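Here's a quick look at how two chains meet in one model. Have the structure open while you read.

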Amino acid sequence: MKDLLHWFDILGVIVFAISGTLMAHKKHMDGFGVIVLASVTAIGGGTVRDLILDVPVFWVQDNSYLYAILIAAFFCILWLRHKHYFPLRFLLIADAIGLAFFNIMGVQKALSLGVPMLAAVVMGTMTGVFGGLIRDVMCREIPLVLKGELYATTCIIGGSLCCLLWSLGLDAVFCMLLGGATTLILRLMAIRWHWHLTVFKT
Amino acid sequence: MKDLLHWFDILGVIVFAISGTLMAHKKHMDGFGVIVLASVTAIGGGTVRDLILDVPVFWVQDNSYLYAILIAAFFCILWLRHKHYFPLRFLLIADAIGLAFFNIMGVQKALSLGVPMLAAVVMGTMTGVFGGLIRDVMCREIPLVLKGELYATTCIIGGSLCCLLWSLGLDAVFCMLLGGATTLILRLMAIRWHWHLTVFKT
Amino acid sequence: MKDLLHWFDILGVIVFAISGTLMAHKKHMDGFGVIVLASVTAIGGGTVRDLILDVPVFWVQDNSYLYAILIAAFFCILWLRHKHYFPLRFLLIADAIGLAFFNIMGVQKALSLGVPMLAAVVMGTMTGVFGGLIRDVMCREIPLVLKGELYATTCIIGGSLCCLLWSLGLDAVFCMLLGGATTLILRLMAIRWHWHLTVFKT
């Protein structure tokens with residue numbers, strides 16, 4: 001179980017590191033700072049989560065996360081140097097996968113620490129959303145999360161489902177898989193069909 | 001006493017949640033991300049304060065803050081949907097009230113934890129200023145706090161007054177009310193008469 | 001030893017406070033918010049470091065840091081009021097010195113807490129880079145660290161050298177001086193000869 005959580009976290013870190021590197025390339029940024037951007041995107045959400053939950057920050061004592069970022073960014077850079085091009089859609093999909101992984105990891109970590117469900121859903125959304133948010137702010141983009149497309153909403157739905165199943169006493173791994181899959185599928189559908197949630201106008 | 005502090009915090013959270021929602025509307029943002037912006041504005045300052053003071057983050061174990069944000073944002077959205085318009089001044093006034101509440105809550109919490117007065121004033125200013133700062137950065141506005149109008153200064157004056165009275169042994173609630181009122185009135189006067197503090201030119 | 005670390009920290013705080021004030025002047029910002037910007041630049045990096053390392057935040061119980069910021073910003077403002085002008089190069093050099101000091105302080109603090117070397121280097125880079133990053137984001141500049149010039153790289157090289165010497169059992173002060181000097185000299189040379197690190201194109 002603990003191993004599985006570890007791999008979920010590593011996977012989330014890898015896709016967000018890639019999304020940070022892609023964004024840096026798209027915005028014509030360069031230099032080793034690209035890896036700074038990749039790192040902040042990859043560990044920003046989880047770091048904020050761990051600080052707020054007051055548990056040791058996940059990447060400090062365990063080097064595997066930092067290695068994962070370096071390796072992911074390295075291969076991504078290599079690929080970009082040879083192709084000089086990447087389909088913009090990749091950035092969105094990488095972001096969606098990272099979103100789903102981190103959302104569900106955040107919910108799970110909060111629940112296992114006895115945080116109330118409402119705060120656990122917020123914690124999950126925050127973990128999922130913050131890495132990309134910091135990435136977008138640093139690159140002076142309007143954060144994806146504020147653009148009206150279904151984004152934070154997918155985290156809230158997936159996270160709530162995970163909490164609900166958990167409260168019914170179901171197996172934690174099962175709750176996480178279902179909650180994560182729901183988040184990912186909803187987000188991919190939102191990308192595919194440009195689902196918008198309009199709260200301001202009828 | 002503890003109840004009063006709780007209600008002060010809730011009120012600060014509500015007005016900042018409204019100011020976040022209004023800003024999102026003004027910047028033509030949409031979707032559930034609006035509530036993300038409202039939340040970050042509302043709990044950003046206090047979260048940073050609690051992390052630095054190393055006390056449990058105020059909204060994690062107590063759901064009332066999150067409910068307050070949801071309800072405030074909900075009614076604000078409802079209002080905006082029907083009026084399609086809001087006087088810009090409302091955003092400034094909501095921000096001023098949040099500033100005063102959060103400033104004085106930050107000072108009070110720091111003092112009660114034995115933080116030196118100078119740091120307590122900084123902590124109050126930070127609590128008051130950070131929510132709006134994050135809101136403005138996320139919306140790619142120049143932060144209000146850097147615009148030259150009397151803003152951070154009102155927090156520093158109100159917070160210092162609160163500390164001074166507290167050090168004289170006066171009742172904590174009285175110190176807070178006077179410090180908070182000073183902050184709010186100074187800020188409102190600065191908005192009304194466009195008071196500027198120029199530090200760079202004579 | 002502890003005294004020396006304290007003075008290193010104070011010096012880093014002073015130069016970053018100056019760099020924050022200079023940036024505010026350059027961007028035609030004004031008012032007491034300038035000191036907010038100076039403070040965030042000066043203590044932002046170290047605050048994030050201390051939060052992640054889960055040690056008490058360095059400026060809360062020790063007023064000397066806040067006084068250092070106020071005095072540095074005050075004299076910098078005084079100078080700018082009389083000269084109405086400053087060579088842009090000063091901003092870059094102040095930033096370089098702050099970068100070197102904070103980098104090495106971060107590495108040292110992490111190592112002394114038993115953090116693995118890789119994470120210690122990251123912690124140093126983060127301490128050095130974050131103050132300026134927050135400054136640039138608040139001023140809506142593209143962060144220096146993402147601009148392709150040798151920046152984060154100098155921290156990584158200086159920090160790795162410091163770690164290496166430390167692991168050989170050399171005196172901590174010696175490791176820090178050598179690591180810090182390496183960071184500073186590399187960064188100054190990068191500014192002087194516009195050294196770029198290109199990772200995306202050959």
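A salt bridge here is a side-chain nitrogen of Lys or Arg within 4 Å of a carboxyl oxygen of Asp or Glu. By that rule, the count between chain A and chain B is zero. Bear in mind that this is a predicted model, where local features need pLDDT of at least 70, side-chain atom pairs count only at pLDDT 80 or more, and totals for chains, interfaces and linings use all residues. Residues are numbered from 1 along each chain as its sequence is written, and side-chain values use heavy atoms, with hydrogens and water left out.

So what does the interface hold? Polar contacts (N or O atoms within 3.5 Å, one able to donate a hydrogen and the other to accept it; residues adjacent in sequence count only if both atoms are side-chain atoms) come to one residue pair across the two chains, both at pLDDT 80 or more. Contact (heavy atoms within 4.5 Å) takes in 31 residues from chain A and 29 from chain B.

The buried area, meaning accessible area (1.4 Å probe) lost on putting the two parts together, summed over both, is about 2,600 Å², with carbon and sulfur atoms giving 72%. A:Leu118, A:Leu146 and A:Phe200 supply 30% of what chain A buries against chain B, more than any other three residues.

Now for the record: an unreviewed UniProt entry annotates "domain: Glycine transporter" on two stretches of chain A, 7–79 and 93–166; such annotations may be inferred rather than shown by experiment.

Note on methods:
Chains are lettered from A and ligands numbered from 1 in the order in which they are written.
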